[in-house]
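Hi,

Here is the structure I promised to pass on. My notes follow below it.

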Amino acid sequence: MSELWWAIVAVAVGGYALKASGYFVPQRVLERPRVTRIALLTPVALLAALTAVQVFGDGQALVLDARAAGLLFAVGALLLRAPFLVVVVGAAAVAALVRLIAG
Amino acid sequence: MTVVHRSVRTQSWGVGVAVGAYGLGFGALAVVNGFSIAQAMALSLFVFTGASQFALVGVVGAGGAAASGAAAALALGSRNAFYGLRLAPLLQPRGWRRLLAAQLTIDESTAVAISQPNQQLARTGFWTTGAAVFLCWNVATLAGALAVEQVSDPRVIGLDAAVGAAFLALLWPQLTTATTRTVAAGAAALALVLTPLLPPGLPVLAAAAVALTIAWPEPRPTPEQPTAPDGSRE
């Protein structure tokens with residue numbers, strides 16, 4: 001088996017173990033207020049970071065490109081309480097349009 | 001099925017199609033970076049957490065060792081443990097459902113589940129989103145891998161912007177308190193500051209430190225205002 005396959009197996013097994021660990025820790029651990037607060041705020045932090053990196057990151061570089069226009073559209077649409085699909089498809093369309101115009 | 005349930009399902013499939021569509025890019029990128037179609041599919045079926053998959057393919061594609069790619073992928077996947085922690089009391093899955101729930105525990109299914117107003121809708125949101133993303137992600141990975149010449153750049157149709165918008169839309173309902181807004185702003189800023197300094201993937205993980213920093217201290221009890229049994233107040 002190649003080195004790449006070993007890496008894939010390791011990520012699959014380790015990744016599943018990480019996913020499952022959240023479900024198998026004892027309930028009393030979950031009931032601690034500190035754990036509750038961490039569990040509540042961690043997805044917020046990660047989703048915000050994922051958004052930022054997804055829109056402004058390009059490998060290890062920070063760039064301002066058509067994706068930022070898509071994000072601006074998304075913010076506006078969310079402020080207007082637009083449905084999820086409008087937000088996502090609209091952001092893609094705006095980014096594609098900006099790229100088309102910018103060549 | 002109630003109207004509310006239907007709306008949750010619509011949202012779930014919206015997430016599935018939007019995020020799954022980016023699987024086209026993953027399948028194509030994997031093959032371009034020297035992964036076989038079988039390897040790309042193994043990642044989407046068994047790893048099934050987009051950021052980790054992109055991390056492995058990206059590091060290997062940039063000439064990194066397979067082992068460091070795997071390490072980056074696992075570091076990114078560790079956030080799923082926190083998601084499971086958050087979801088366990090909401091879903092309360094038993095037996096094989098718990099094993100299945102673990103595999104479907106990803107950014108999108110978690111975000112949809114925790115943004116619902118009650119437990120029943122949270123369950124509907126989790127399972128529907130998990131299934132929708134799994135199906136779309138895998139079909140798209142295969143299509144992307146097979147059609148690598150035609151879809152080598154998902155950016156042309158703005159799919160990369162769609163993913164950022166999807167993450168933001170999922171985060172949006174959480175931004176109702178000063179605490180969550182502070183955490184979100186701090187985490188986004190930290191991730192951007194760290195992007196040039198750390199290997200791809202790690203800035204997102206490091207941003208979790210913002211949540212830890214704010215969540216760790218015990219809130220000071222205020223005598224004049226009653227506190228919740230867990231000592232926290234929103």
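The largest nonpolar core has 113 residues. Those with the most contacts inside this core are Ala45(A), Ala49(A), Ala91(A), Ala165(B), Ala166(B) and Ala187(B). Helix α3 of chain A, residues 33–56, gives the core its largest share, 15 residues. Bear in mind that this is a predicted model.

Ala165(B) is worth a click. Leaving aside residues up to four places away in sequence, Ala165(B) touches Gly70(A), Leu71(A), Ala74(A), Val87(A), Val88(A) and Ala91(A).

Next, the contact between the chains. Chain A puts in 63 residues and chain B 84. On the side of chain A that touches chain B, α1 (3–24), α3, β2 (61–62), α4 and α5 each supply at least two residues. α3(A) gives the most to that side, with 23 residues. By class, that side of chain A has 45 nonpolar, 12 polar and six charged residues.

Last, two backbone points. Most residues other than glycine have a negative phi. Arg81(A) has a positive phi of about 60° and is not a glycine. Arg81(A) sits in the loop between α4 (66–79) and α5 (84–102) of chain A. Phe48(B), also not a glycine, has a positive phi of about 45°. Phe48(B) lies in the loop between α2 (37–47) and α3 (50–61) of chain B.

Which of these counts as exposed, and which is buried? Arg81(A) counts as exposed because it has 9 C-beta neighbours inside 10 Å, and the cut-off for exposed is 12 or fewer. Phe48(B) has 25 other C-beta atoms within 10 Å, so it is buried; that takes 20 or more.

Best wishes

Notes: Residues are numbered from 1 along each chain as its sequence is written. Chains are lettered from A and ligands numbered from 1 in the order in which they are written. This is a predicted model: local features need pLDDT of at least 70, side-chain atom pairs count only at pLDDT 80 or more; totals for chains, interfaces and linings use all residues. Helices (H or I, at least four residues) and strands (E, at least two) are DSSP runs, numbered from the N terminus. A nonpolar core is a set of buried Ala, Val, Leu, Ile, Met, Phe, Trp, Tyr and Cys residues joined through C-beta atoms within 7 Å. Two residues are in contact if their C-beta atoms, placed from the backbone, lie within 7 Å. Ala, Val, Leu, Ile, Met, Phe, Trp, Tyr, Cys and Pro count as nonpolar, Asp, Glu, Lys and Arg as charged, and the others, Gly among them, as polar.
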